[in-house]
Amino acid sequence: MSPYLFEPSARPVVPVEGEAAVFPVRRILCVGRNYAAHRREMGGDDRDPPFFFAKPADAVVPPGGEIAYPPATQNLHYEIELVAALGAGGVDVPVERALDLILGYAVGVDLTRRDLQSAARDKGQPWDAAKGFDASAPISAIRRWSGAPPTGRIWLGVNGEVRQDATVDDMIWNVAEIISEASKLWRLEAGDLIFTGTPERVGPIVRGDRVEGEVAGVGAIAFQLV
Ligand code: MN
């Protein structure tokens with residue numbers, strides 16, 4: 001007999017390129033203000049280090065679908081990001097060993113209800129409603145990866161026009177530093193996804209827009225907002 005009162009929700013999963021087995025998502029951590037030019041456009045102080053926030057695991061949207069325009073916003077923004085997928089965990093992981101936790105990388109979009117984020121900031125309230133809403137984390141398939149992290153071009157386009165165009169190498173905290181910092185705050189485990197922050201020129205999207213993006217060497221993402 002099942003120990004559960006009702007059938008538990010299915011575990012959110014992300015496909016892995018070329019493999020039948022999928023990546024079961026445990027947690028989604030995100031880095032805020034990890035590119036200097038984006039930190040400036042968000043009104044941040046140049047001395048403030050990046051920081052973490054979270055999305056629920058079931059915010060992931062596997063590749064290939066449409067995404068419904070979310071409720072309660074008039075200002076939905078895209079944020080293209082490199083996503084690190086962990087195949088192992090740890091606590092207080094030194095920077096030199098942090099990349100050992102990596103299973104692979106994916107391309108994600110940190111969808112943001114910017115109007116709710118601005119309101120929360122003004123009132124000193126948390127970001128959950130602005131960042132952690134349903135379907136707020138569309139993601140590509142994961143590409144297995146070992147060794148030095150991606151360093152190349154990261155871009156996002158809307159309806160064929162490039163809006164964000166930068167280099168992953170411009171991150172303030174690199175991937176190893178992000179993992180090491182996160183592991184001081186949480187026990188990391190296999191199945192964790194870390195969105196590593198977005199470069200400058202975030203902006204709004206509306207119903208009907210076609211969003212596409214890429215991180216060189218990692219993969220591409222595309223979805224239609226309906
Ligand atoms: Mn972001």
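Predicted model: local features only at pLDDT ≥ 70, side-chain atom pairs only at ≥ 80, totals over all residues.

Me: Metal first. Which protein donors does the manganese ion have?

Reply: E79 (OE), E81 (OE) and D110 (OD), lying 2.0 to 2.2 Å from the manganese ion. Donors here are N, O and S atoms within 2.8 Å of the metal (3.2 Å for Na, K and Ca), and water is not among the atoms, so sites may look incomplete.

Me: And how are the donor residues spaced in sequence?

Reply: The pattern is E-x1-E-x28-D. E81 lies in strand β8 (residues 80-86) and D110 in the loop between β9 (102-109) and β10 (112-113), so that pair ties together parts 29 residues apart in sequence. Helices (H or I, at least four residues) and strands (E, at least two) are DSSP runs, numbered from the N terminus.

Me: OK, switching to α3. Which residues of that helix are buried?

Reply: In α3 (residues 114-123), R114, Q117 and A120 are buried. They cover an arc of only 120 degrees around the axis, which puts them on the same side of α3. That arc is taken from the directions from the helix axis to the C-beta atoms.

Me: What covers the buried residues of α3?

Reply: The cover includes β7 (76-78), β10 and α4 (128-131). The face turned away from the buried side carries the exposed residues D122 and K123. After the helix comes G124, with a positive phi near 65 degrees.

Me: How many aromatic pairs are there?

Reply: Five. F52 and W173 make a tilted one, 5.6 Å centre to centre with 35 degrees between the planes. This pair links distant parts of the chain, 121 residues apart: F52 is in strand β4 (residues 51-55), W173 in the loop between β14 (161-167) and α5 (175-185). Rings of Phe, Tyr and Trp (its six-membered ring) pair if their centres lie within 6.5 Å; planes under 30 degrees apart count as stacked, over 60 as edge-to-face and the rest as tilted.

Me: How does the burial look for F52 and W173?

Reply: F52 counts as buried at 16% relative accessibility, and W173 is buried at 14%. Elsewhere, ring pairs link F51, F53 and W127 into a cluster.

Me: Last one, the open sheet. What's the strand order?

Reply: β6-β18-β17-β13-β14, five strands with mixed pairing. β6 (66-67) and β14 stand at the edges with a single partner strand each, so one side of each has no neighbour in the sheet. Two strands pair if DSSP finds at least two bridges between them.

Me: How many bridges join β13 to β17?

Reply: Five, between β13 (residues 153-158) and β17 (residues 210-215), which run antiparallel. I154, for instance, has V215 in β17 as its bridge partner.

Conventions:
Residues numbered from 1 in each chain as written. Heavy atoms only, no water. Buried < 20%, exposed > 50% of the residue type's maximum accessible area, 1.4 Å probe, protein only. Contact = heavy atoms within 4.5 Å.
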